[in-house]
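Hello,

Here is the structure you will be taking over. My notes follow below it.

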Amino acid sequence: MANISIDGRKTRTYDAIVVGSGISGGWAAKELTEAGLKTLVLERGRDVKHLVDYPTANKMPFEFPHRGEIPREKREANPILSRAGAWGEDSDHFFVKDDEHPYVQKKPFGWIRGYQVGGRSLLWARQTQRWSDYDFEGPARDGFAVDWPIRYRDIAPWYSHVEKFAGISGNKDGLPALPDGEFLPPNPLNAVEKHFARVVEEKFENRHLIAARFANLTKAGPEQRAQGRTRCLSRRLCRRGCPFGGYFSSNSSTLPWAERTGNLELRPHSVVHSILYDEKKGKASGVRVIDSNTKESTEYYSRIVFLNASALNTNLILLNSKSSRFPEGLGNDNGLLGKYIAFHNYNTGIRADFDGLKEFATFGQRPGSAYMPRFRNLFRQETDFLRGYATGFAAGRRLNRDTSGQGEELKEALRNPKLGNWYVSSHMMGETLPKESNSVRLHRTKTDEWGIPLLEVDIDYDDNDRKMELDALEQLSEMYEAAGFKNIRARHERKAPGLDIHEMGGVRMGRDPKTSLLNKWNQLHACKNVFVTDGACMTSTSTQNPSLTYMAITARAADSAVEELGKGNL
Amino acid sequence: MPRYIREAAADNIAVGAFEIEEREQALLSEVVEALIPKTDTKGAKEIGVHLFVLKMLDDCHSESEQQSFAKGLGQLEAFSRNRFGLSFMESDRSSREDVIAEISEGREASSDLKQFLRLVKRRAIQGYLESEYVMTHVIPHKMIPDPYDGFYPAKNFRS
């Protein structure tokens with residue numbers, strides 16, 4: 001092993017190590033460095049510096065040789081990635097190719113990854129809805145998974161903390177299912193979205209259509225201006241990286257902020273092999289890193305470790321962190337590590353046309369859309385399946401180009417699109433129930449190019465999901481009919497789990513070390529100086545886009561870690 | 001000039017399993033020009049839309065699509081002569097439009113020829129609308145869009 005001198009060890013010792021620089025790792029870095037901890041952030045991919053490393057951000061459509069399309073050979077070489085909607089010629093450089101980090105699919109699972117500084121925070125859909133106690137109390141009320149060790153009141157101030165800094169747009173809607181937050185001005189809804197909102201409000205009990213809350217700056221507040229970020233200009237090219245910092249990413253926000261403290265060291269090309277466990281002290285002493293270029297192995301040491309490698313990679317690292325105290329993976333005394341994985345179900349979608357409100361059209365662009373918080377089984381159990389779904393909704397007016405002709409007629413038609421009908425479209429975002437059988441484990445023989453076992457992924461839908469999909473279809477159709485939408489077309493497909501890119505769990509939080517891996521401060525029950533605050537920590541998934549909750553959980557856990565360090569408890 | 005045109009022009013344009021001859025490339029340029037002709041603004045040929053069609057055919061379409069494109073392109077002149085007495089190259093502008101209409105709407109054209117035309121038309125429209133010329137001179141593309149108005153009066157709509 002390289003660098004084993006004592007001096008070398010000193011230079012490789014920090015107060016804190018954060019594994020991963022994505023949306024939650026960025027928050028861990030910010031909070032820990034601001035508290036004065038010398039912090040090493042390890043990122044397995046390359047560096048992506050804000051503004052500097054967004055090579056496509058200002059390209060015009062005609063500057064892409066294939067106008068945004070991924071060429072055939074590349075698509076065929078990447079059957080997994082080719083199912084990711086945001087993968088295009090303009091964002092290709094931010095996605096992991098299938099052969100770069102293989103995994104074993106026991107059942108079809110689309111693992112979509114972004115290995116670079118900033119991770120998938122560069123690529124996310126930017127919807128940021130808070131959880132309420134109808135979400136946190138779900139498992140206990142409905143008898144699945146285990147009870148969350150926290151409630152809304154525990155996390156509410158941390159939602160506020162991260163919202164103020166990240167910059168979240170939204171209305172104060174006053175809905176029990178979706179608590180209000182610290183909002184910048186909301187994204188506007190259009191005529192048909194407002195019409196649908198009115199119909200839903202009037203004809204359906206406890207259903208509400210609101211402006212989705214988004215991490216795009218409808219206005220840059222003082223907190224964002226201090227980060228050098230400006231208003232979102234609605235380019236809708238977020239996935240290229242934003243030259244204005246118009247949406248929240250680690251790159252535009254938390255990482256540069258952490259860097260300014262002077263306490264951050266960022267090491268790209270660092271694949272974390274495992275967490276080192278000190279048997280004498282009974283706690284983690286650091287991590288083993290493999291340089292992705294040289295394949296050289298180096299150890300880094302710290303008083304605390306934050307695992308923010310993304311849900312499945314966090315599971316992988318813990319499973320691979322074997323010691324005589326933890327032969328089945330760090331903290332895995334109960335054998336539940338890697339189990340109770342869940343995700344979000346997007347299988348039902350629906351589209352329709354609308355003949356009304358023709359006096360209105362839309363002009364310009366916006367980064368947002370509409371959102372209907374979960375209404376099913378919210379206050380009480382009312383169906384033969386558990387839990388429910390949130391719904392995304394958007395309306396727009398088509399621009400029609402009649403391309404049937406040729407010659408001057410065609411050319412004229414191309415240059416003069418006509419206003420078509422309004423169209424509307426929705427998709428469900430369903431809660432799936434964490435189950436022991438939905439799990440990941442280390443492959444027994446296959447390893448990757450860094451000598452780390454491949455992850456074997458064994459995750460599937462169940463009957464509850466199927467029933468929910470059909471209910472979504474029925475309920476959405478009913479609401480569409482009530483709103484006068486015509487030509488309703490349903491999409492009911494069986495997407496592989498994972499393509500939602502909301503994979504969660506495997507290292508769940510809970511009250512009891514016998515049935516969970518993490519306590520309410522996100523510490524491993526059995527190794528208190530290791531914190532897991534990415535998607536892996538999620539006890540259940542509810543229906544909201546999860547990133548905001550990861551951010552808040554991370555900031556909360558970092559605050560507690562600093563306090564515990566101060567008390568000498570870690 | 002967009003980058004692809006320079007590359008394609010320099011490259012002798014290898015199209016999948018076959019190489020396109022200069023003569024065929026010239027024919028294709030007249031097909032796209034017949035679809036989107038020069039008027040007070042440039043037509044498809046001058047913009048190089050045929051080279052874009054070839055680029056996309058080469059990089060984005062399947063081998064079977066490439067094959068039927070090649071077959072359809074090869075049949076075009078004979079089809080034109082048989083139906084209208086003159087080859088496509090020999091025909092004037094309005095006769096060329098008739099040939100195209102006959103291929104897409106008539107029953108005589110082979111499925112390869114129909115498929116060829118569908119592919120060319122789809123990619124030519126894309127290549128035209130997304131060309132540097134059109135996006136800067138004809139329908140200027142705004143990298144910074146206008147602020148959103150969700151209740152914009154439809155009567156104010158201008159294409």
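In helix H9 (residues 250–260) of chain A, the buried residues are A:Ser250, A:Asn251, A:Ser252, A:Ser253, A:Thr254, A:Leu255, A:Pro256, A:Trp257 and A:Ala258. Buried means that 20 or more other C-beta atoms, placed from the backbone, lie within 10 Å of a residue's own. That is 9 of the 11 residues of H9(A), so-called mostly covered. The cover includes helix H2 (23–34), helix H6 (152–166) and strand E7 (264–267) of chain A. After H9(A) comes A:Gly262, with a positive phi near 80°.

This is a predicted model: local features need pLDDT of at least 70, side-chain atom pairs count only at pLDDT 80 or more, and totals for chains, interfaces and linings use all residues. Residues are numbered from 1 along each chain as its sequence is written, and chains are lettered from A and ligands numbered from 1 in the order in which they are written. Helices (H or I, at least four residues) and strands (E, at least two) are DSSP runs, numbered from the N terminus.

Now the contact between the chains. It takes 37 residues from chain A and 42 from chain B. Contact means C-beta atoms, placed from the backbone, within 7 Å. Several elements of chain B each supply at least two residues to its side, including helix H1 (3–11), helix H7 (111–129) and strand E3 (149–153). E3(B) gives the largest share, 5 residues.

E3(B) also pairs with strand E14 (residues 360–363) of chain A, antiparallel, over 3 bridges. Pairing requires at least two DSSP bridges between the strands. There, B:Pro153 is the bridge partner of A:Phe360.

Best wishes

Definitions and conventions. Two residues are in contact if their C-beta atoms, placed from the backbone, lie within 7 Å. A residue is buried if 20 or more other C-beta atoms lie within 10 Å of its own, exposed if 12 or fewer, and partly exposed in between; C-beta atoms are placed from the backbone.
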